[in-house]
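Please look over the model below before reading on.

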Amino acid sequence: MEILLIFITLITCIASIVNPWIGVIAYYILGIYSPKSFWPWIFQDSRIAMFVAISTILGLLVAIIQKKIDFNLLNNKQTKMLLLLCIIVNISHFMSPFYGMYVGQTIPPAEALTIFNKTILFYCVSALLINDNRKLMYIIGVLLFTGVIYALWSNKVYFTGEMWKYTDNGRLKGPGLYRDENAFSLLFITSIPLMYFIASSIKNKVLKLSLLACIPLAWHALFLIGSRGALISLLIITLLLAFRSHSKAFGYMVMVGLLFAIVNYGGAIYERSTNTVEAAQMDGREKPLNPRLVTWSAGWEMIKDYPLLGVGIEHYQTAGISYIEGRVQVAHNTLIQFMSQAGVIAGLIYLWFFVNFYKTSKYIKGKSENKFNLNVSNGLFISTIGFFICAIFLNLMITEMLYFLLLINVINLNQVNKELKVLADGEIGD
């Protein structure tokens, strides 16, 4: 198997140099689908993603020399704001009052910065190389394929009685990369809306119905995972899907299905919420109840003390010693994470991304007549709402999914603007 893996990697790297957009697809398959999660004994500690990334960048350089790259694809507000954010995060790291310190973080600050920079770099590379709707479909297909596979896997382990192998206090964990329940639930929250709207673009009835059938399986997976933030998000995105549905019958089915799920699983989620609050009581005193309230409060204090550049990426726990008595957890809120670690401007840019998702969706709805681009826009907008709600309770600053959704957004916008024969920055990207 190792020889086969080496052979596949070699072929992929060669293909990525000749046709670098293939490398983009392969890179995100490795990052989002994460085959290593299913077959760790085959992949072990191999750095396949790095080899694919290097090959893709080499392919991009060759394409640039051949004058096949249109740099106007990066000339839009979203990309400019993302690059500004990258600059701010890097400055905040090296100017951090806690630079060089390391207390309790899951990821060392320097490593977190490297991950963040690589993510932004590959966003730019991908935006240049994914330059038509066919390639856009492949990129979205990575997320859909991953959501479908993990939905099937989750239901398989539940119905075959294997769930005990993957549970923690009754909550389902995914394999490998998705061992964290919150990361696992985010996968389904972002893929469900795109499952529905992309299915609307598929003419093959078997494929269309198969994709739609995976939506209730993804719902069930979310209830098995039991993330409260994700379930709030699921409620909202499901209501939006029902209202935006192309079919009233499907909208009614969605509402009935969601109601059934709430009746069957709502009690367990409520019990877990109650237990969490009770467990967080401090020495029996009538003081802060939920650990998140403590970390949020500490985060806002950091923002007040370091508003310009924050305490530095992944320095929240180091700084938190001065703000929290006892064990210091992470920020548990992506906005607070950005603002406390990189400053107020970084937090405002993060919020702007979601405003821009809405503006882009509205722009495409008003300008494009391409059904595929419209469906991508509709699905992506609801996916980002789901992401934003989950991010209220989670640390997602260096999570690939945020930047992957931004990538889909800018590629879709570029394709619409190309169709309209205007500059890549378009009406909303000046």
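What follows is a short walk through parts of this structure.

The model is predicted, and its confidence is the place to begin. The average pLDDT of the protein is 87, and 87% of the residues score at least 70. Among the elements, helix α6 (residues 77–94) has the highest mean pLDDT, 97, while the lowest, 57, belongs to helix α12 (residues 248–279). Over residues 272–289 the pLDDT is below 50, although the model gives this stretch 16 contacts beyond near neighbours in sequence. Residues 423–427 also stay under 50, with 15 contacts beyond four places in sequence. Where pLDDT is low, the predicted coordinates should not be read in detail.

The next topic is a helix pair. Helix α7 (residues 109–129) packs with helix α18 (residues 400–419) at an angle of about 20 degrees, the axes lying 10 Å apart. Angles under 35 degrees count as roughly parallel, so α7 and α18 are roughly parallel to each other. The crossing of α7 past α18 is right-handed. On the α7 side, the contact is made by Phe116, Thr119, Ile120, Tyr123, Ser126 and Ala127; α18 contributes Glu400, Tyr403, Leu406, Leu407, Val410 and Ile411. By class, nine of these residues are nonpolar, two polar and one charged.

The last topic is Ile364, a residue of helix α16 (residues 344–367). Is Ile364 buried or exposed? Buried means under 20% relative accessible area, and Ile364 counts as buried because its relative accessibility is 1%.

Technical notes:
Residues numbered from 1 in each chain as written. Predicted model: local features only at pLDDT ≥ 70, side-chain atom pairs only at ≥ 80, totals over all residues. Heavy atoms only, no water. Helix = DSSP H or I, 4+ residues; strand = E, 2+ residues; numbered from the N terminus. Buried < 20%, exposed > 50% of the residue type's maximum accessible area, 1.4 Å probe, protein only. pLDDT = per-residue confidence, 0-100. Contact = heavy atoms within 4.5 Å. Axes fitted to C-alpha atoms, helices over the stretch in contact; angles between N-to-C directions. Parallel < 35°, antiparallel > 145°, perpendicular 65-115°, else oblique. Left-handed = near helix turned anticlockwise from the far one by under 90°. Nonpolar A, V, L, I, M, F, W, Y, C, P; charged D, E, K, R; others polar.
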